[in-house]
Amino acid sequence: MSAQRKGHLGTSSSAPLPVIIIGNGPSGICLSYLLSGHTPYARPDAVHPHPLLQRKLAEAPGVSILDQDLEYLSEGLEGRSQSPVALLFDALLRPDTDFGGNADSVLTWRLQKERAVPHLVLGRNPPGGAWHSIEGSMVTLSQGQWMGLPDLDVKDWILKKRRGFRNSRATAGDMAHYYQDYVTRKGLGPRFVSGAEVTAVEWEGPEPGSPAAPAPRPLFRVSGFLAAEDRPRRPFALWAHNVVLATGTFDSPARLAIPGEALPFVHHELSALEAAVRAGAVTPASDPILIVGAGLSAADAVLYARHYNIPVIHAFRRPVEDPGLVFNQLPKMLYPEYHKVHQMMREQSILSPSPYQGYRSLPEHRPLLFKEGGQAVFRDPRGGQQVFSTSLVLVLIGSHPDLSFLPGAGADLTVDPAQPPSAKRNPIDVDPYTYQSAQQEGLYALGPLAGDNFVRFVQGGALAAASSLLRKAPRKPP
């Protein structure tokens, strides 16, 4: 850790920072890159395939994208995101990717240190965030070329490591190393603090006005603990004028809220299965493991267990043909392994002979309780009860963001304060062109917290937040 970072974290009386970013995954990394003086401009020789966007870019030659009207630039764009600025930044970085093309980005990047905004990025893991917690051989849902960050092509990076994409997709291990290497290559390391667990963010009363800054500004206190393997945890407290939430959604796995869910054989993360396999606690001769859920995490668990010949019972509450199942929304050519799991789910049931040795599915079954000794009790589609013996249970039904460090766990900041925060159903309510909270000035949210669930699109939120934060920063004399 640099002396500068030690100074910031070693005292609670430091002068307020302009920005603190909580979370060091792709969202936080991209925002740090933009706040460090790396500035995007439209290349003078570039012609964007979208005529309206090309005309708008030509109206402001030589003006940074960060200094332009993002609402105006993004107007009229359509794509796979509900965020207009996400569509804009994606269109600038990957102009025709949705049409199968590989046109070069229309952006060029300039390092302008005089535009840098001082900031810190706090994260529990190394840079890359939750990607370091995912089993390394798992392949990404998105195409590999969509996983990269600005100005470091991920395909070229992987090829230089003498590896390649798997069916156009990257492994989680490669992406974790890519994001960590990105921070190093782009010179962002001095701004990143790993091993930092934030336990509280509180907003204080605004600072008194002064002739130099008559408008009061909010002031945030960010506190927590700094952990290191070779020393005890030590507390820190920081002050900032702006706080950016970029913590993702993997911190708090969703629960069934049924009796017995806290028993030691019931788990909520795929890593528990990996550990059990390594320890020999589950083997091909064991009772089946039970996987509850019908999303991609559950499918990953099925694939992992099948790889090691671990018998599986797979239970899910929806009908197999439910159009809401994620498998029905994925192209078969790009995701053959997930469609194989869907085929297994469809073609047999626990109550009929199985064409897949060691795999049984339980469509439209709802878990009622877990009992000592590894028993799982379900209600079947006819209303009856079924009991199964298991060696391990994995409940993989999604996750929720852990915002316990915010007042009221962040509920008052969401679109519907009466419901818990959820990336898909109840994100933090933000301005779509700045990503600043609609409820609290100076507080921003990026990535899944703001409803952007793919690396490809979280970068637009970073662009919007950076543009807003740069406008707040005091102008430095030339």
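I looked for negative charge on the surface and found a patch where Asp69, Glu71, Glu75 and Asp431 gather. The model is predicted, so I noted that local features need pLDDT of at least 70, side-chain atom pairs count only at pLDDT 80 or more, and totals for chains, interfaces and linings use all residues. Residues are numbered from 1 along each chain as its sequence is written, and side-chain values use heavy atoms, with hydrogens and water left out.

I wrote down that patch residues have over 30% relative accessible area and no salt bridge, with like charges joined within 9 Å. A salt bridge here is a side-chain nitrogen of Lys or Arg within 4 Å of a carboxyl oxygen of Asp or Glu.

I placed Glu71 in helix H4; helices are DSSP runs (H or I) of at least four residues, and strands (E) of at least two. Glu71 counts as partly exposed, at 45% relative accessibility; buried is under 20%, exposed is over 50% and partly exposed is in between, with a 1.4 Å probe and protein chains only.

I then found a positive patch on the surface, made of Arg317, Arg366, Arg379, Lys424 and Arg425. Arg425 is in the loop between strand E19 (399-400) and strand E20 (443-445). Arg425 is exposed, with a relative accessible area of 66%.

Next I checked helix H5 (residues 84-93), where 10 of its 10 residues are buried. Its cover includes helix H2 (26-35) and helix H11 (455-472), where contact means heavy atoms within 4.5 Å.

H2 also has 10 of its 10 residues buried, including Cys30 and Tyr33. Glycine 37 follows H2 and has a positive phi, near 100 degrees.

Technical notes:
Patch = residues over 30% accessible without salt bridge, like charges linked within 9 Å, V, L, I, M, F, W, Y side chains within 5 Å. Areas by Shrake-Rupley, 256 points an atom, 1.4 Å probe, with all protein chains shown as cover. Lys, Arg positive; Asp, Glu negative; His and termini not counted. Charge placed at Lys NZ, Arg CZ, Asp CG, Glu CD.
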